[in-house]
Every structure is written in structure tokens, then in C-alpha cells.
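My entries follow in the order I made them.

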Amino acid sequence: MKDGQRYCVVMPTYENAGTVCRVVDSVIEAGYHLIAVSDGPHDGTLELLERYGDRITLVAYPVNKGKGHALSAGFAKAVEEGYDYAVTIDSDGQHSADDIAVLIEKSLCNPVAVIVGKRMMEGVERPASSGFANAFANFWFSVHTLRRFPDTQSGFRCYPLSYYGRMKPVTSRYEAELEMLVRGAWHGLDIIAVPVKVYYPPEKERVSHFRKGRDFMRISLLNTVLTFAALFYGYPSMLVHKTGKARIHCPENCSIGRSGGAKAGKKERRRQAV
């Protein structure tokens with residue numbers, strides 16, 4: 001990996017006026033440049049983001065096009081601004097900006113991998129629908145890639161833009177995140193999980209834009225398409241990449257910010273993120 005790789009944070013958002021400022025403030029305070037993608041909200045979210053001025057990069061359009069489209073728009077802007085990696089964070093306050101450093105640290109050791117924040121659920125009251133959706137997606141990911149993964153529905157990830165900066169998902173909404181992991185695996189990228197904190201607000205305060213009927217049908221259709229695609233493209237492609245790729249291992253001294261060097265490591269990550 002070349003020195004000086006640059007990391008930014010991409011935050012797609014729809015209608016999260018109640019939480020978006022808290023997330024933006026936490027990312028800025030942590031020292032990272034934020035690219036916010038306003039996906040056609042009508043609840044004042046865009047107006048709140050506009051108040052930050054040049055403290056963030058804002059991508060906005062008037063019509064809601066889905067999370068997959070918002071991620072692609074954010075990645076394109078990140079590439080335009082010269083970034084090499086993008087950490088994605090949700091705007092509902094579920095993720096902690098403190099854990100951005102955890103994803104980046106793992107990425108520095110594994111520069112050709114997608115790093116996914118595995119949400120630590122111990123003691124957390126998780127919506128039942130979320131648990132089912134994750135188990136459902138995990139199963140299909142194993143079918144499409146012949147590998148198991150613990151949390152394919154986590155939106156807290158670090159993507160290498162050398163691949164995802166030019167990838168165009170076939171799907172445009174929530175199901176795009178599963179598609180992006182599957183296609184990355186087919187392309188020979190490692191998919192690595194790291195534990196991160198998660199927060200779910202009380203049930204009455206939760207905001208979800210997941211449309212159970214329509215989105216579940218879209219996910220089912222995607223899984224059908226990916227299953228056939230895996231047979232004719234995915235499995236052979238993974239075999240080619242597996243036999244032709246030299247695995248990149250994390251050296252013993254790769255970890256940043258340990259053995260008394262936490263402050264120095266944090267400063268280095270922030271320097272690379274700017």
C-alpha cells in the first residue's frame with residue numbers, strides 16, 4: 001500500500017432531521033471530512049445540512065432515489081475530491097464516530113478489503129425485524145459467495161474507492177448494500193468484520209425508511225438474480241481471483257495506536273483522513 005492514502009466519511013441521509021446534526025457534529029469533532037448526500041428529503045434535513053457551509057461537502061438532489069444511489073453519488077464525489085477510501089455512516093445515530101478509527105485502522109492493514117463494522121448486540125434492544133433481515137441477508141450472502149459473514153446489513157463500512165468509486169450498483173435502494181458486498185467478493189476483495197458499538201433509540205423514537213412489503217420484494221428479486229449470476233460469473237470469478245491473487249496479511253506492527261501510541265495513531269489517522 002502506498003503512503004498517504006486519504007480517507008473521508010460518506011453519510012447518505014433521507015429524512016433524519018432529528019438525528020443528522022448529531023451525527024455530522026460527531027464526525028467533524030472526530031477530525032474527518034464528511035461528504036453528506038441528501039437523498040431528496042422533505043423534513044428539513046437538507047436545510048440543516050446547508051447550515052454547515054464549507055465545513056462539509058454536500059451533495060443534494062430533490063427526488064428520493066434510494067440509499068444505493070446516494071452511496072454511489074457520495075463515492076463519486078469522494079473520488080472527485082481525491083480520496084482513496086470512504087467510511088460510510090448512517091445518519092440515524094446508530095453508529096459511533098469514535099469507531100471510524102477502528103475501521104480505518106483495519107483498512108490500513110488490509111488495503112484491498114471492505115471493512116464492515118459488526119454491531120455488538122450484547123445488551124442492546126434490537127428491533128425484531130432488523131434481526132430477521134440481517135439473518136436473511138447473511139444466508140444469501142453465503143449462497144452467493146460461498147463464505148459466511150456475521151453482519152451483512154451493517155451500513156458502517158470502509159470501502160476502497162479503487163473499485164467502488166467506479167462500480168455502479170444494479171439496485172438503488174437498501175438492497176444495494178448487499179449487492180455491493182457480493183460483487184466485491186466476486187471481484188476478489190476480502191470482506192472483513194470488526195466489532196463496533198451500536199445504539200438503537202427507544203421504540204417510539206425510532207425512524208425507519210424500510211418499506212417492509214416493497215423492499216422485501218426487491219431484496220428477494222435481487223437474491224434470485226445474484227444466485228443465477230453467481231453460477232455463471234461469481235463462482236468462476238472468485239476462483240480466478242483466489243488462485244491469482246497474493247493475499248495481503250497484516251504485519252505484526254501494523255496496528256496503530258497501541259502500546260502507548262494511541263494518541264500518535266489517532267493523529268496519523270486524522271492526517272490521512274484530511
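**Core.** I began with the largest nonpolar core, which has 34 residues; Phe75, Val114, Tyr164 and Ile191 touch the most other members. A nonpolar core here is a set of buried Ala, Val, Leu, Ile, Met, Phe, Trp, Tyr and Cys residues joined through side-chain atoms within 4.5 Å. Buried means under 20% relative accessible area, exposed over 50%, and partly exposed in between (1.4 Å probe, protein chains only). I listed the elements that give two or more residues to this core: strands S1 (7-13), S2 (34-39), S3 (57-61) and S5 (113-119), and helices H3 (67-80), H6 (161-164), H7 (176-186) and H8 (212-244). H7 supplies the largest share, six residues. Helices (H or I, at least four residues) and strands (E, at least two) are DSSP runs, numbered from the N terminus.

I noted a second, separate core of 31 residues, which includes Tyr7, Leu48, Val87 and Leu108.

**Basis.** The model is predicted: local features need pLDDT of at least 70 and side-chain atom pairs count only at pLDDT 80 or more, while totals for chains, interfaces and linings use all residues. Residues are numbered from 1 along each chain as its sequence is written, and side-chain values use heavy atoms, with hydrogens and water left out.

**Val114.** I checked which residues Val114 touches, not counting those up to four places away in sequence: Cys158, Tyr159, Pro160, Tyr164, Leu181, Leu189, Asp190, Ile191 and Ile192. Contact means heavy atoms within 4.5 Å.

**Whole chain.** I counted nine helices and seven strands in the chain. Of its 274 residues, 50% count as buried. Among contacts between residues at least 6 apart in sequence, 78% join residues at least 24 apart.

**Sheet.** Seven strands form an open sheet of mixed pairing, in the order S3-S2-S1-S4-S6-S5-S7. S3 and S7 (190-196) stand at the edges with a single partner strand each, so one side of each has no neighbour in the sheet. From one strand to the next the twist averages 20 degrees. Two strands pair if DSSP finds at least two bridges between them.

S1 and S4 (residues 85-88) run parallel and are joined by four bridges. Within this pair I found Val10 opposite Thr88 of S4.

H3 packs on the sheet, where it touches S1, S2, S3, S4 and S6 (157-160), and its direction makes about 145 degrees with that of S2. Helix H4 (residues 100-109) also packs on the sheet, touching S1, S4, S5, S6 and S7; its direction makes about 150 degrees with that of S7. Axes are lines fitted to C-alpha atoms, for helices over the stretch in contact, and angles run from 0 to 180 degrees between N-to-C directions.

**S5 and its partners.** Six of the seven residues of S5 are buried, so this strand is largely enclosed by the rest of the structure. S5 runs parallel to S7, with seven bridges between them; Gly117 has Val194 as its bridge partner in S7. With S6, S5 pairs in the antiparallel sense over two bridges, and there Val116 has Arg157 as its partner.

**Val194.** This residue of S7 is buried, with a relative accessible area of 6%. The C-alpha atoms of Val194 and Val116 are 6.3 Å apart, although the two lie 78 residues apart along the chain. Leaving aside neighbours within four places in sequence, I found Val194 in contact with Val102, Leu103, Lys106, Ile115, Val116, Gly117 and Lys118.

**H3 against H7.** The axes of H3 and H7 come within 8 Å and cross at roughly 55 degrees. That makes H3 oblique to H7; angles under 35 degrees count as roughly parallel, over 145 as roughly antiparallel, 65 to 115 as roughly perpendicular and the rest as oblique. Lys67, Gly68, Leu71 and Phe75 of H3 meet Ala176, Glu177 and Met180 of H7.

**Cysteines.** I found zero disulfides, a disulfide being a pair of cysteine sulfur atoms within 2.5 Å. For Cys158, the nearest cysteine sulfur is that of Cys8, 9.1 Å away. Cys158 is buried at 0% relative accessible area, whereas Cys21 counts as partly exposed at 24%.

**Leu146.** At 63% relative accessibility, Leu146 counts as exposed.
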